[in-house]
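Open the model in your viewer and keep the sequence panel beside it. This tour tells you what to select at each stop.

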Amino acid sequence: MVGQTATGDLNLYTGNGNGGFSAPHQISHGWTHMTALIPGDFNHDGRTDLLGRTTTGDILRYTTSTTGTLTAGVKISTGWNTYNLTQT
């Protein structure tokens, strides 16, 4: 699981094998401009990527590299600041 702190850190929480999560591990920072983060394998390479919605409504795709780091965001859509993004 990935979580964003109020100060813009992006933390990874891995499963602990007992139904819970590990302590957070910071994997990035500077994410305060994001209002939503959605994980998924968006380029179908078997690694989890992220979509992020900026405060201005742009959707950026961050793919996970072969070394496990997130690549720079690529804008793939605009105009999403009028929507309340929820997952079910």
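**Before you start**

This is a predicted model: local features need pLDDT of at least 70, side-chain atom pairs count only at pLDDT 80 or more, and totals for chains, interfaces and linings use all residues. Residues are numbered from 1 along each chain as its sequence is written, and side-chain values use heavy atoms, with hydrogens and water left out.

Two terms come up throughout. Strands (E, at least two residues) and helices (H or I, at least four) are DSSP runs, numbered from the N terminus. Two strands pair if DSSP finds at least two bridges between them.

**Stop 1: the open sheet**

Select β1, β2 and β3. They form an open sheet of three strands in the order β1-β2-β3, with antiparallel pairing. Look at the edges: β1 (2-4) and β3 (25-28) each have a single partner strand, so one side of each is left without a neighbour in the sheet. The twist averages 40° from one strand to the next. For that angle, axes are lines fitted to C-alpha atoms (for helices, over the stretch in contact), and angles run from 0 to 180 degrees between N-to-C directions.

Now zoom in on β1 and β2 (residues 10-12). Three bridges join these antiparallel strands. Pick Gly3; its bridge partner in β2 is Asn11.

**Stop 2: the loop**

Select Ala6, in the loop between β1 and β2. Is Ala6 buried or exposed? Its relative accessibility is 85%, so Ala6 counts as exposed. Buried means under 20% relative accessible area, exposed over 50%, and partly exposed in between (1.4 Å probe, protein chains only).

Ala6 and Thr32 are 26 residues apart in sequence, and their C-alpha atoms are 7.2 Å apart in space.

**Stop 3: the hairpin**

Move to β5 (residues 49-54) and β6 (residues 59-62). The two run antiparallel and are joined by four bridges. They form a hairpin with four residues between them. In the turn, find Gly57, with a positive phi of about 95°. Then select Arg53, whose bridge partner in β6 is Ile59.

Arg61 stands opposite Val74 in β7.

**Stop 4: a buried residue**

Finish at Thr54, in strand β5. With 7% relative accessibility, Thr54 counts as buried. Which residues does Thr54 touch, not counting those up to four places away in sequence? They are His33, Met34, Thr35 and Leu60. Contact here means heavy atoms within 4.5 Å.
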